[in-house]
Amino acid sequence: MSLLLVRHGQASYGAADYDNLSERGQLQSRLLGQWLVRGRHRFKAVVVGGMRRHRQTAEGVAAAFTQQGLALPDFVADPGFAEFDHEAVFGAFLRRDPSDPIVVASRSGKPRDVGLMLQAALLAWARDELPGLPESWAAFGQRVQSAGDRLEALAGDDEVLVLSSGGVISRLAQIALDVPDHRAVELNLALRNSALSEFHPHGGRLRLGSWNALPHLHGERELWTYY
C-alpha cells in the first residue's frame with residue numbers, strides 16, 4: 001500500500017486570489033501527471049483537499065492520464081486535507097506587533113524576508129501566541145491526523161493519490177517522524193510545489209517513505225518553486 005501526497009502546483013502568490021494555480025503551477029501539474037503515467041502508477045482513489053488549487057492540480061494530473069487513454073477515479077473531496085487559514089495566521093502575526101523587525105523586513109517582498117516572517121508566524125501559532133484564530137495549531141494537527149487515518153481504509157492494498165497543501169503534508173510527516181512542532185514548521189517551509197511525498201501505513205500509524213521529491217521536474221530547475 002502506498003499513499004502519495006502531493007503539494008499543489010504553484011499558486012498565485014502576490015495576487016488578489018492566491019487559491020488559483022499560476023501558469024507555472026499548471027505546467028508542474030501536467031508534468032507530474034506525465035511522470036505518474038510513465039511510472040505505471042494506477043490509483044484506487046484520488047483525494048483532494050477541497051481547495052481550488054488542489055482540484056486544479058488534480059485536473060492537470062488527470063489530463064496527462066487522459067492523453068494516454070487512461071482514467072483516474074473521480075476525485076473525492078476531504079476537508080480534512082484542506083490547508084489551515086494562512087491569511088488568518090499570518091494576518092494575526094502581522095497585526096500583533098507591526099514594528100517587529102521581522103514584520104518590517106517582510107514588507108520588502110523579498111523571498112528571504114517573507115520566508116522569515118512566515119516561519120516566525122507559524123512558530124507563534126504553534127506556541128498558541130496568536131489568539132482568536134479559527135483553528136488552533138493543536139486542532140489543525142488533530143484534523144490532519146484524522147484525515148491520514150481515513151486514507152488507510154480508503155487505500156486497501158492499492159495506491160491512493162492525495163492533492164493537498166504544505167501545512168497538511170508537513171503535519172503528517174511530523175506525526176510519522178515523531179518530531180517537535182518547530183520541525184513541522186521547517187518541513188512545511190521546505191516543501192516545494194508539486195512535490196511528492198510517500199507514506200505507508202504500518203503498525204497503526206503512517207510511516208514516511210520519501211519526502212519532497214520532484215522526479216517529474218528533473219532538469220527543470222526553473223520550475224522548482226516554494227510559493
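Modeller: This is a predicted model.

Biologist: How many helices and strands are there in the protein, and in what order do the elements run?

Modeller: The protein has eight helices and six strands. Read from the N terminus, the order of its elements is β-α-β-α-β-α-α-α-α-β-α-α-β-β.

Biologist: Why does the protein count as being as compact as a globular protein of that length?

Modeller: For 227 residues the globule rule gives 17 Å. The protein is as compact as a globular protein of that length because its radius of gyration is close to this, at 17 Å.

Biologist: At what angle do the axes of α5 and α8 cross, and what is the handedness of the crossing?

Modeller: Helix α5 covers residues 111-126 and helix α8 covers residues 181-190. Their axes come within 10 Å and cross at roughly 145°. The crossing of α5 and α8 is right-handed.

Biologist: Which residues make the contact, and what is its make-up by class?

Modeller: From α5 the contact takes Gly 115, Leu 118, Gln 119, Leu 122, Leu 123 and Ala 126. From α8 it takes Asp 181, His 182, Val 185, Glu 186, Asn 188 and Leu 189. By class, the contact of α5 with α8 has six nonpolar, four polar and two charged residues.

Terms used:
Residues numbered from 1 in each chain as written. Predicted model: local features only at pLDDT ≥ 70, side-chain atom pairs only at ≥ 80, totals over all residues. Heavy atoms only, no water. Axes fitted to C-alpha atoms, helices over the stretch in contact; angles between N-to-C directions. Helix = DSSP H or I, 4+ residues; strand = E, 2+ residues; numbered from the N terminus. Left-handed = near helix turned anticlockwise from the far one by under 90°. Contact = heavy atoms within 4.5 Å. Nonpolar A, V, L, I, M, F, W, Y, C, P; charged D, E, K, R; others polar. Rg over C-alpha atoms; globule rule 2.2 N^0.38 Å.
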